[in-house]
Amino acid sequence: MTNHINPTNPLIKYLSSQNGTIFRTTDGINYNHLSSLPTGNAAWVTPFVFDASANTRMFVGKSDIYRSENGFDDWQALNSPTYFGEVNCMAICPNNEK
């Protein structure tokens, strides 16, 4: 569905499949399911974006928006508006550090 490559280490890659399932490799070959990802409803193509100003800061949109500061290992739910369904697109404002 979607993929991202860490700009400072091309061996660290992320890819997704349907309904918010995300996988990571740190060796460029062997992918592991990210079981730390918060549960919840997710769109068929679940958005996840990387912050260009911080290589380990990532966001994922499901029925809520979550932020990870350490490469998808730990998550913090953001104070996001209540959605009536799943988030289906996201973007990071280039002028905003967080």
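Select Asp73 first. Asp73 is partly exposed, at 38% relative accessible area. The terms run as follows: buried is under 20% relative accessible area, exposed is over 50%, and partly exposed lies in between (1.4 Å probe, protein chains only). This is a predicted model, where local features need pLDDT of at least 70, side-chain atom pairs count only at pLDDT 80 or more, and totals for chains, interfaces and linings use all residues. Residues are numbered from 1 along each chain as its sequence is written, and side-chain values use heavy atoms, with hydrogens and water left out.

**Stop 1: from Asp73 to Arg24**

Asp73 and Arg24 form a salt bridge, with the closest N and O atoms 3.0 Å apart. A salt bridge here is a side-chain nitrogen of Lys or Arg within 4 Å of a carboxyl oxygen of Asp or Glu. This pair links distant parts of the chain: Asp73 sits in the loop between β7 and β8, Arg24 in strand β3, and 49 residues separate them. Strands (E, at least two residues) and helices (H or I, at least four) are DSSP runs, numbered from the N terminus. Arg24 is buried, with a relative accessible area of 18%.

**Stop 2: the salt-bridge network**

How many salt bridges does a search of the whole structure find? It finds 4. Now select Asp51, Arg57, Arg67 and Glu69, which are linked in a network of salt bridges. Start with Arg57 and Asp51: their side chains meet at 2.7 Å, N to O. Both residues are buried. Move to Arg67 and Glu69, whose closest N and O atoms are 3.1 Å apart. Arg67 is buried at 15% relative accessible area. Glu69 is partly exposed at 35%.

**Stop 3: the sheet**

Switch to cartoon. Look for an open sheet of 4 strands in the order β5-β6-β7-β8, with antiparallel pairing. Two strands pair if DSSP finds at least two bridges between them. The edge strands are β5 (48–51) and β8, each pairing on one side only.

Colour β6 (residues 54–61) and β7: 4 bridges join these antiparallel strands. A hairpin connects β6 to β7 through 3 residues. Pick Gly61 and find its bridge partner in β7, Ile65.

Stay on β7 (residues 65–68). Ile65 and Arg67 point one way, Tyr66 and Ser68 the other, and all are buried. On to β8 (residues 76–77): 2 bridges join it to β7, again running antiparallel. Tyr66 stands opposite Ala77 in β8.

**Stop 4: the aromatic rings**

Show the rings of Tyr14, Phe48, Phe50, Phe72 and Trp75, which ring pairs link into a cluster. Rings of Phe, Tyr and Trp (its six-membered ring) pair if their centres lie within 6.5 Å; planes under 30 degrees apart count as stacked, over 60 as edge-to-face and the rest as tilted. The whole structure holds 6 aromatic pairs. One of them joins Phe72 and Trp75: the centres are 4.7 Å apart and the planes at 35°, so the pair is tilted. Phe72 is buried at 0% relative accessible area. Trp75 also counts as buried, at 19%.

**Stop 5: confidence**

Finish by colouring on pLDDT, the predictor's confidence in each residue, from 0 to 100. The protein chain averages 85, and 93% of the residues score at least 70. Among the elements of the protein chain, β6 has the lowest mean pLDDT (85), while strand β3 (residues 21–25) has the highest (91).
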